Structure formats: structure tokens, C-alpha cells
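Good morning, and thank you for coming. Today I shall speak about pairs of charged side chains, and I ask you to look at the model with me.

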Amino acid sequence: MSFLKVDESKCTQCGICAAICPAEIVSFGDQGLPEVASLAANMCIKCGQCVLYCPTCANTLAFQNENELVRAGDLAMPGKEDALNLLKTRRSTRKYKDQTLKKEEIAALLDAVKMAPTAVNSQNVRWIVTQTREKTAEAANLVLCWMREEIFKDPTSRNALTGARLIAKAKEGGDGVLRGAPHVIVAVTPKSYMWPEDGAIALTYLELAAHASGLGCCWGGFLTHATRNFEPLREFFGITEEEHVCGAQMIGYPALLPTRQFPPRKNITVDWVK
């Protein structure tokens, strides 16, 4: 099978596949059909645009599974107001039910999140998930261990002062680190990768996918900071020295839901470049 296979009976030679290719490697051959030269195939970023945008569904790529392709018109899409309300009603969840999520539920979320954009479609984000409350609590305790070290280093530092408060809360049976979330999800990328922000984008997709599924998330700032600076926590998660911790999300079923929406926000600052 050629790298780009074209059904001659469907192709109208409209040129959209060539125009939409970000790598600019689709051209028209002697037969008047789109093709990718063998020497240019290694420049393909495997985005699939030449297939997805073909108006007659004439194209197929060697690495794509046709059974996974769905006609865009067959997908149920939210209206503009519904989509914007999904974004505007996202709240940080800091109180969770005791109920844990099934592995399949988290996997389904991450399957949607893999559609998040990455630089040149590199898809370099790796995910780490705690499956049980026990493992999540162990991660929270390791964060407290890091904070204890910070207190010994400089008891007046911000990390130390925050740590003292959270350690005291833990002694009273509370969880100020992970807020009692049943799971945490951590995103990492290679340190050599030029665009670690891909991980933050993917974590944002995760938060919105969770919100759409009736779940709650909260960015794990303490966990992220500790994992970046505390080797025992990196070992716990299996994060190597060659990897960068992009961020983390707590996730679970919200114990409380808002009665009203749209809290106050500052007016946005915009500089319009004319």
C-alpha cells in the first residue's frame, strides 16, 4: 500500500488535501491525483489532515485505521452557547466524594484528551495516574515529606510556612495537599522537548473533559512543585531525570455542586495591535 492511497472514482482533484497539508508534501502526480513522494514521506507529521478534509473521502493514509474515521456531519456537536457555558462553568473542585473512578472511566477521558494539540503533532505527553485512594494518599504524604525538608532548610521560606500549615492540617486528619481527591493525574514530557506547554494544554483538555462528564478537577500545584524538586516523589511516580513535570490534576466526583454560576472575574486586559 502506498503512503497516500487515493480512490480515483471519488477524487475530484480539488486540491484541498495539498492545501491543508502543514508539511506541504502532498502534490499532484502525472495521473492528476494527489500523492506523497517516497522521499517526502518521512516529513509527514501524521496529522491526517489530507484525509480528514477530503470532501469526497477519497484519501487513505497507510498508518490510519479507516474504521476509526467518522464523518464530521454524523457527530453531535454542542451549540455555541452550550460550548461556551461548558468553559465558563468549570469550577475547581476541592471537596470530593469517597467514590473512586473505574480505570476505564479515566482511560476514556485520556482517550479524548489525546486529541489536544501538540507541536508538529509530536504527542510527547506521558500520563501517570494513581488508581487507588491509598496510592493517592501516599503521594500526598510524600509532598508533606518534601515540605518538612523545606522547613529544615529555611523555616521562614514560603514553602516552609505553607508546609507547616499543611502538616498541622494532616495531623488533624485533613488533606490540604490533594483535598481528599481519590486520584491524581500527572503529565510529563521529555526535558529535551522544546514545547513542554503541550502538557499544560492537555491537562486543560482533561479538566474540561472531566467537567463534561460530571467529574471535578483541581490543579495540583503543591504536588507539581514537590514532584519537580523531590526525588522520592519522582521515584514514586516513575518519573526519570530526563522528564519534565508539566502539571497535575486532582480528579473525582464532586462532593458539592454550585447552585449559581459565573463568579466575579477581573476585566480582561487586551492590547489590540493595529
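A salt bridge is a side-chain nitrogen of Lys or Arg within 4 Å of a carboxyl oxygen of Asp or Glu. In general, side chains of opposite charge can pair when their charged atoms come close. This is a predicted model, in which local features need pLDDT of at least 70 and side-chain atom pairs count only at pLDDT 80 or more, while totals for chains, interfaces and linings use all residues. Residues are numbered from 1 along each chain as its sequence is written, and side-chain values use heavy atoms, with hydrogens and water left out.

The structure holds six salt bridges; let us turn to some of them.

Lys135 and Glu138 form one, at 3.5 Å from N to O. They lie three residues apart in helix α5 (residues 133-153), so about one helical turn separates them. Helices here are DSSP runs of H or I with at least four residues, and strands are runs of E with at least two, numbered from the N terminus. Lys135 is partly exposed, at 41% relative accessible area, and Glu138 is partly exposed at 36%. Buried means under 20%, exposed over 50%, and partly exposed in between, using a 1.4 Å probe and protein chains only.

Helix α5 also contains Lys153 and Glu150, three residues apart, whose side chains meet at 3.3 Å, N to O.

Finally, Glu207 bridges to Arg90, with the closest N and O atoms 2.9 Å apart. Glu207 belongs to helix α7 (residues 197-212) and Arg90 to the loop between α3 (80-88) and α4 (103-113), so the pair ties together parts 117 residues apart in sequence. Both Glu207 and Arg90 are buried.
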